[in-house]
Amino acid sequence: MADDQHEEVSKKVSAEEEIRRGITVMRRVVQGRSRGIILDVYWSNQGQLIEPNGHTLTSFIGALVRNEIPITCDDWRNKELNESKEKIWSEIKRCFNIEEERRGFCMKLAGKLLRGFRTFLSSKFLKDADGNFVDAELPKKYESLISAEEWEAFKSKRQDPIFQRISATNRKRASSPAYPYRKGRVGYGRLEQSMLQKEESSETSLPAHVLWKEARVGKSGVPQEEVLHVYQKCEELSQSLSPDDTKGILSRALDVPEYSGRVRGKGFGVTPTSLSIKKGKAPSNRELHARLEAMQAELDALRREREASASTVYRDASDKDSINCTFQPNIPEGISHCQLYLSI
């Protein structure tokens, strides 16, 4: 929950900056592409976007999604968005060296950035200081991104009683986080990268509770006592719990439930599935079938080789027997085999 809280606060603070920066980065990236400059993208061991060019790709995706997806989109999984998503992915590949397998990450990031943009618009223009709805006109600075019809539909949705009830609950939850995130725009992936580089460590990742503690250290460089208490509890639990425990150490120390599809203290892009792949996930039925077929082919080859070898040995032995049978020693007449033997 603490991760969700810091994200809600960060959206309000940095969304407008992200929009300006995203537009600027998009221009720079596209201009670079026209000169044949394609940017490389790098990933952490756990599949998170890192530097160099991690922040550039993030801003580029943000600019793309604001241009291609209407703010009235409430369901990122809507199949009607497939064409727009395909265009976004196509533009990403034209400007960045990125593998096809990273498409899922980029699309999830695009959905997250779109939600952040919608949250920013609501907080900045459609609410007063007390959180009450304000019937504002479409801001001129966003007229190139948002049509008048989209803005009216967007406002109408924010006046819906169900939406307002959910919004109030989320706002209350995000207003006073117990352990506020203090690294601004730096996500867990880049934070982990900077920590490993600073320590000159040969490790490729850090425990979740180590990242969690560092993410809550402000400019003073000293973590709060409450944060240290949670960290110490995590250290104690790490000595007694199995690494394969279904509930993470950090969640146990915070005494909060785990949420499906995420790993507490690791940030965006890390899932229980991705971690299990790194640890060695059990093979699928298809993979097992392929392995069995390969083993069977190997056994068949060995069997044929053994049969061929046995046939050669048998042939050699048969040749020797035939030679022994046809060989007739030159024994003088009148001397039997027994006499010959005794004379020797």
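**Exercise 1. With the side chain of which residue does the side chain of Trp89 make a polar contact?**

*Basis of the model.* This is a predicted model, in which local features need pLDDT of at least 70 and side-chain atom pairs count only at pLDDT 80 or more, while totals for chains, interfaces and linings use all residues. Residues are numbered from 1 along each chain as its sequence is written, and side-chain values use heavy atoms, with hydrogens and water left out.

*Solution.* 
Step 1. Locate the residue: Trp89 belongs to helix α3. Helices (H or I, at least four residues) and strands (E, at least two) are DSSP runs, numbered from the N terminus.
Step 2. Consider its accessibility: Trp89 is buried, its relative accessible area being 0%. Buried stands for under 20% relative accessible area, exposed for over 50%, and partly exposed for values in between (1.4 Å probe, protein chains only).
Step 3. List its neighbours. Leaving aside residues up to four places away in sequence, Trp89 touches Ile98, Glu99, Glu100, Arg102, Arg103, Cys106 and Met107; a contact requires heavy atoms within 4.5 Å.
Step 4. Identify the polar partner: the side chain of Glu100 makes a polar contact of 3.3 Å with that of Trp89. A polar contact is a pair of N or O atoms within 3.5 Å; within protein, one must be able to donate a hydrogen and the other to accept it, and residues adjacent in sequence count only if both atoms are side-chain atoms.

**Exercise 2. Describe the composition of the protein chain as a whole.**

*Solution.* 
Step 1. The protein chain has 13 helices and four strands.
Step 2. Of its 344 residues, 34% are buried.
Step 3. Among contacts with a separation of 6 or more, 64% are between residues 24 or more positions apart.

**Exercise 3. With which residue does Glu91 form a salt bridge, and where do the two lie?**

*Solution.* 
Step 1. Apply the criterion: a salt bridge is a side-chain nitrogen of Lys or Arg within 4 Å of a carboxyl oxygen of Asp or Glu. The count by this rule is 14 salt bridges.
Step 2. The partner of Glu91 is Arg94, with the closest N and O atoms 2.9 Å apart.
Step 3. Both residues lie in helix α3 (residues 82-95), three residues apart, which is about one turn of the helix.
Step 4. Compare their accessibility: Glu91 is buried at 17%, whereas Arg94 is partly exposed at 42%.
Step 5. Examine two further pairs. Lys93 and Glu100 form a salt bridge at 3.5 Å, N to O; Lys93 is partly exposed, at 37%, and Glu100 is partly exposed too, at 47%. Glu99 and Arg102 are joined by a salt bridge whose closest N and O atoms are 3.8 Å apart.
Step 6. Salt bridges that share partners join Arg33, Glu91 and Arg94 into one network.

**Exercise 4. Is Lys266 buried or exposed?**

*Solution.* 
Step 1. Lys266 is situated in the loop between α10 (249-254) and α11 (272-279).
Step 2. Its relative accessibility is 4%, so Lys266 counts as buried.
Step 3. The side chains of Lys266 and Gln46 are joined by a polar contact of 3.2 Å.
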